[in-house]
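This report describes one protein model, from a single side chain to the whole chain. Please keep the sequence and the coordinates at hand while reading.

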Amino acid sequence: MKRTSVMLALILALSSGLTACGGSTDSETMSGDEDQITITLMHRYQKSNIGKSPEDTAVLDGLERFRKDYPDIEVIEEQLQNEDYSIKAQALAAADDMPDVFIVPGSWMTNFVNNEIVLPLDTELEKRPEWRDGYRPGTLDAGTRNGQVYGIPIAAGPTHLIYYNAELFAEAGYTEFPSSWDELMQAGERLADKGINLFSYGDKSKGYAISSWISALTDRFTGPEWTESILAKGGAKFTDNGFVEAVTVMSDLASAGYLNKDLNSIDTETMVNYYFEGRSAAFVSGIWSAMNVVNNAPSHIKETTRVAVFPGVEGGLGHSLSSSGGAGVYYSINSKVEAGEKLDAMMTLLEYMTGATSAKLMAEVGGFPAYDPGTFDTSKLHPVALAAYEASAAAEATKIFDLWFDASIVEVINTEIQGVMAGSITPMDFAERTQRAYETYLNKP
């Protein structure tokens with residue numbers, strides 16, 4: 001086993017941030033003898049978030065349905081807050097003492113696979129083709145290594161959506177969100193004249209820029225082929241024009257004064273509050289922010305909020321409606337679990353928590369499940385949540401860099417982008433430093 005290196009690997013992975021039941025078998029009877037099966041489950045979903053967080057609501061509902069349908073199977077559950085989960089999972093992985101079922105962020109998956117902590121699930125999924133084939137295209141990808149599935153995705157959707165105040169943009173002369181970068185910069189100038197920032201931006205904890213901005217903007221210029229070449233070690237470089245131009249767009253917005261000046265010293269919660277206070281006309285975030293707007297925005301802000309994505313780039317190779325997205329968090333099973341009744345019970349539990357029934361509930365309360373929910377009652381959704389869902393469904397998903405790039409590269413991007421946004425280094429400086437980290441990674445034995 002390769003467990004001796006897992007602690008260092010996980011610490012590196014955590015530096016990039018945590019980037020986030022199948023119909024017919026919901027009531028099937030577990031086969032086997034009368035011996036009780038016990039499953040230990042560790043996750044980061046909170047009962048206090050039911051009704052507020054679509055992901056928490058759907059997953060915990062699936063868990064309760066499983067318990068009711070299989071009262072003879074004991075699920076010993078440990079609920080942890082996000083940060084506490086990261087710390088404990090890191091320690092348990094290093095000690096080779098993980099529970100039976102646990103959450104693995106996509107950015108951890110390579111480390112967990114390499115250190116033989118997680119079980120390949122293909123054989124079990126082959127027994128459940130209807131469930132397996134119900135996941136949206138690409139959502140299994142970040143949980144797959146070397147052609148083997150090691151994780152079952154929970155939620156998906158873009159990490160890049162623009163939530164904007166249609167009233168403020170109308171006052172600046174735009175009945176819709178600007179469709180070109182020239183128009184967007186012009187809107188920024190007009191809003192600045194009124195003392196309003198074009199975007200609020202908060203990257204204090206690092207990871208926001210790469211997830212919600214850089215991943216999507218780079219694709220606008222380079223298209224997905226550049227990203228695939230980086231991942232395949234196929235010759236693309238971070239000093240290529242497309243990557244530099246994407247970061248230059250961000251630098252230009254900051255240097256023009258169209259973002260809040262404290263952009264590196266506030267977190268994303270404060271960033272969204274700036275929007276709620278009318279200090280900015282828009283903010284960029286993932287689909288998870290839709291319900292934040294619905295639940296917490298002042299009524300006049302909520303009613304005028306609309307959803308868009310970055311405009312296309314003239315001459316760019318990416319799709320104008322693409323967004324960095326996909327599934328970022330997975331349920332995995334401890335590699336020590338052997339085939340048999342207990343493993344069968346665990347797979348059924350995962351189907352309850354992430355499959356068709358949970359997916360439909362997640363969609364109906366404003367989330368974007370990894371499993372395709374099919375048709376559902378959209379009348380339950382606030383217009384902001386519905387707009388975010390529709391934009392997510394229409395978006396062509398491209399890779400979220402912090403889930404796919406090596407943790408050493410992500411750390412450099414997360415750190416050095418702050419210098420770009422503060423004006424202390426140029427986009428080319430940033431690209432060169434990232435390329436050096438990439439070359440170090442390429443030269444690893």
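Predicted model: local features only at pLDDT ≥ 70, side-chain atom pairs only at ≥ 80, totals over all residues.

A search of the whole structure gives 29 aromatic pairs. In one of them, the ring centres of Trp226 and Phe401 lie 6.2 Å apart with planes at 45°, so the pair is tilted. This pair links distant parts of the chain: Trp226 belongs to helix α10 (residues 224–231) and Phe401 to helix α18 (residues 401–404), 175 residues apart. Phe401 is buried as well, with a relative accessible area of 1%.

The rings of Phe238 and Phe405 form an edge-to-face pair, because their planes stand at 90°, with centres 5.5 Å apart. Here too distant parts of the chain are linked: Phe238 lies in the loop between α10 and α11, and Phe405 in the loop between α18 and α19, with 167 residues separating them. Phe238 counts as buried at 0% relative accessibility, and Phe405 counts as buried at 7%.

## Strand β3

Strand β3 (residues 101–105) is mostly covered, with five of its five residues buried. In a regular strand, side chains alternate between the two faces of the sheet. Both faces of β3 are covered: Val101, Ile103 and Pro105 are buried on one side, Phe102 and Val104 on the other.

Strand β1 (residues 37–43) runs parallel to β3 and is joined to it by two bridges. The pairing of β3 with strand β11 (residues 329–333) is antiparallel, over five bridges. Phe102 takes part in both pairings: it is the bridge partner of Met42, and its own partner in β11 is Ser332.

## Helix α2

Helix α2 (residues 54–69) has 16 residues and should span 22 Å at 1.5 Å a residue; its end C-alpha atoms are 23 Å apart, which agrees. Its buried residues include Pro54, Val59, Leu60, Leu63 and Phe66. The buried residues of α2 pack against β1, β2, β11, α13, α15 and α16.

## Whole chain

The protein chain has 20 helices and twelve strands. Of its 445 residues, 57% count as buried. A compact globule of 445 residues would have a radius of gyration near 22 Å, and the value for this chain, 22 Å, agrees. The C-alpha trace spans about 75 × 55 × 35 Å along its principal axes. The chain exposes about 18200 Å², of which carbon and sulfur atoms supply 48%.

Terms used: Residues numbered from 1 in each chain as written. Heavy atoms only, no water. Buried < 20%, exposed > 50% of the residue type's maximum accessible area, 1.4 Å probe, protein only. Helix = DSSP H or I, 4+ residues; strand = E, 2+ residues; numbered from the N terminus. Pairing = 2+ DSSP bridges. Expected span 1.5 Å × (residues − 1). Contact = heavy atoms within 4.5 Å. Rg over C-alpha atoms; globule rule 2.2 N^0.38 Å. Areas by Shrake-Rupley, 256 points an atom, 1.4 Å probe, with all protein chains shown as cover. Phe/Tyr/Trp six-rings, centres within 6.5 Å; stacked < 30°, edge-to-face > 60°.
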